[in-house]
Amino acid sequence: MLSIIEQIKQGKLWDFHGGIHPAENKALSSKQAIKAAGIPQELILPLKQHIGSRGDIIVNIGDYVLKGQPLTQGDIAMCVPIHAPSSGTITAIEQRTTAHPSGLTDLCIVIATDNQDTWCHATQYPDYQDRDPAELIEAIRLAGIAGLGGAGFPTARKLQGGLGNVDILIINAAECEPYITADDRLMQDYADEVIEGIRILRHIISPKLTLIGIEDNKPDAIKALEACVNEDDNIIIRVIPTKYPSGSSKQLVKLLTGREVPSQARSTSIGVIMQNVGTAFAIKRAIVNGEPLIERVVTLTGEAFKQRGNVFALLGTPIAYLLEKFDYKADKKYPRVIIGGSLMGFTLPHANVPITKITNCILTPKRKELPLHTYEMACIRCSACADACPASLLPQQLQWYAKDKNYDKCEEYNLSDCIECGACAYVCPSEIPLVQYYRQAKAEIWERKQDEMSAERARQRFEAKQQRMDRDKAERENRFAKAATDRRQHMATAGGDDAVAAAIARVKAKQAAATDTATPTIKPAVAAAIAKAKAKQAASVSEEAIPDNSEMAALRKQRKLQAREQKAAKHAELMQQQTVTEQPPEQASDKKDAVAAAVARAKARKAAQQAQSTTETQPTVDAKPTTEVDTDVNVDPKKAAVAAAIARAKARKAAQQQQPTAATEPTAEVNSDVANDPKKAAVAAAVARAKARKAAQQEQATAAAEPTIEVNTNVESDPKKPLSLAAACIALKPVKLPSDNNNSC
């Protein structure tokens with residue numbers, strides 16, 4: 001049995017399921033040679049124009065950049081940089097609308113061109129045959145080359161994954177999409193550079209066989225390629241029947257090799273690697289000429305264009321600039337600008353969208369040229385979509401689940417294998433936009449997977465952190481334990497005790513010594529005195545288990561009475577002062593006599609109360625509140641000094657009493673109308689009674705503080721002697737004294 005390579009060399013072709021034959025409409029743009037689109041005033045460069053992550057910006061606003069200068073950089077294989085398509089100044093780094101079906105914005109670098117088109121330094125590899133494949137792959141990555149067929153997969157990453165794993169290299173020149181002629185025109189005008197790019201790919205991959213798959217509707221391109229290929233290249237140009245979508249990667253592999261790429265896998269898994277014609281041309285320019293990917297061939301087609309054809313458009317060129325330059329006349333009723341072909345393209349929200357690395361066509365159809373299907377009808381279950389699907393899927397079921405947002409079922413029915421070719425929607429009699437449902441479902445599934453991946457990464461980071469913390473804790477414990485073991489072994493070897501244990505023992509000894517020192521030592525004599533005092537206190541407590549509070553109660557009652565009398569006297573004085581100013585002298589004299597009489601009566605009444613309270617409250621032992629002085633005063637000098645001090649205190653008290661009395665008694669003349677006014681007479685009497693009570697209270701307080709009232713005139717006392725004992729005796733209140741009569745106080 002012949003091998004696959006032998007069968008291919010013999011010209012064998014295979015076929016794939018489904019497919020359609022739409023109107024091509026390629027003649028609109030394939031007649032003219034490729035022209036330069038020119039340099040617009042502003043270039044808008046999205047940071048992400050490929051599959052993978054975008055690079056880091058290495059320029060700032062206001063920087064002047066040269067043509068071919070890198071604007072971003074990245075160290076991973078799935079990140080390719082972008083370069084300045086022309087020289088100019090960076091005016092903004094902001095969000096702009098990009099060429100995407102969603103119509104969303106992305107971060108872009110905006111360059112205001114200077115029309116000088118000044119190149120920067122370029123690294124060239126004209127002797128690529130002598131270069132290592134890894135070096136060439138890195139040069140391709142730094143040149144920012146991604147798949148120009150429409151997928152935008154980083155070329156360097158694809159080549160790196162195919163090293164040593166593939167035996168067949170396929171160059172995709174089918175270009176099956178209607179209206180698009182970019183690859184066709186490129187092969188006609190630059191066939192030699194395309195073949196040179198294929199040679200570079202062969203040097204890097206070293207395949208056993210190289211195939212160029214091209215549809216039979218491009219005879220001029222086929223002739224141009226055959227003219228540039230020689231026998232040493234080992235390149236086979238294989239012409240395939242025109243059928244849509246034969247230009248898809250998996251379908252073209254099946255056509256040329258008979259091998260079928262597994263679900264959710266790449267062609268490298270079956271030993272085949274595929275590159276686009278435009279990608280081969282860009283590789284030649286990057287390696288041999290040192291030019292990064294800054295421009296590409298774009299087809300301008302559709303009846304709304306007056307000048308149709310293919311142009312070299314700088315990346316970042318606004319589509320509005322191309323529409324204006326090539327005489328775009330919009331349809332009055334249905335103006336549309338489509339990026340891509342009529343089957344896989346999508347309508348732009350506005351014309352200020354830039355050209356990117358995967359933009360291969362700008363289609364501007366009129367209403368009659370490409371009818372606008374806007375009315376979606378119910379599915380009639382005709383199965384035409386399943387018959388046309390080149391991936392052998394079930395479009396009807398996928399549309400149901402996508403519309404119902406049952407994404408698990410969509411994945412179960414292999415939605416990821418859909419190439420979004422649009423063949424199902426093209427043959428649908430109900431005009432259901434099936435591809436739109438699939439794109440939306442794919443976006444939702446991708447977003448859910450990204451969230452799951454983020455959550456999984458967060459979980460892994462958390463678990464790694466916990467493991468690291470546990471590991472560090474175990475290491476610390478092991479380190480401490482090992483240090484303690486080593487220390488004990490060292491002490492044992494040195495013949496000493498453990499240093500830590502010894503230190504702990506010393507600390508405990510110091511604490512015990514400090515405790516012993518803090519406890520005071522009591523002398524025997526002091527201890528005996530304390531014991532006696534405690535015994536006396538216990539005896540007194542036992543004798544007087546029930547305290548006698550009668551004396552304190554009497555004193556409290558007396559103080560309350562004094563406070564009430566003082567308050568009444570103060571009120572009477574105020575009333576008297578008000579009355580005195582209005583009384584005549586005769587009434588004032590009568591008032592004075594009445595006050596004197598009231599005072600006398602109050603003194604007599606107070607003396608009787610004092611005698612009664614003294615009898616009830618004074619003790620019977622050594623407390624003698626009599627009016628006579630003890631006969632022992634003549635003998636004891638201390639008692640004589642006490643008596644003298646009492647006499648002097650009484651003299652001072654009498655002088656103090658006379659002063660307020662003199663102050664309260666008016667000396668001015670009083671109004672003579674007091675005798676005729678009974679109210680004023682009553683007030684005067686009340687004032688007199690209040691003064692009498694106040695005087696009696698003062699005398700009572702003096703009597704309570706002095707043990708005797710009269711002093712023997714025969715007492716011999718020295719007024720210069722210290723009066724500390726006398727003052728102490730005067731300050732004492734009548735208390736119950738012990739039976740010892742030698743204590744004079």
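The accessible surface of the protein amounts to about 41000 Å², and carbon and sulfur atoms account for 53% of this area. The structure is a predicted model, in which local features need pLDDT of at least 70 and side-chain atom pairs count only at pLDDT 80 or more, while totals for chains, interfaces and linings use all residues. Residues are numbered from 1 along each chain as its sequence is written, and side-chain values use heavy atoms, with hydrogens and water left out.

The protein contains 21 helices and 16 strands; helices (H or I, at least four residues) and strands (E, at least two) are DSSP runs, numbered from the N terminus. Of its 745 residues, 39% count as buried, where buried means under 20% relative accessible area, exposed over 50%, and partly exposed in between (1.4 Å probe, protein chains only). Among contacts (heavy atoms within 4.5 Å) with a separation of 6 or more, 75% are made by residues 24 or more positions apart.

Gly-340 lies in the loop between strand 14 (338-339) and strand 15 (346-347). With a relative accessible area of 10%, Gly-340 is classed as buried. When neighbours within four places in sequence are left aside, Gly-340 is in contact with Ile-180, Gly-345, Asn-360, Cys-361 and Leu-363. The C-alpha atoms of Gly-340 and Thr-359 are 6.9 Å apart, and the two residues are separated by 19 residues in sequence.

Asn-115 counts as exposed because its relative accessibility is 54%, whereas Tyr-179 is buried because its relative accessible area is 2%.

A cis peptide bond is present between Tyr-244 and Pro-245, with omega about 5°. Pro-245 is placed in the loop between strand 10 (235-240) and helix 7 (249-257).

Notes
Accessible areas come from the Shrake-Rupley method with a 1.4 Å probe; for residues, only the protein chains shown count as cover.
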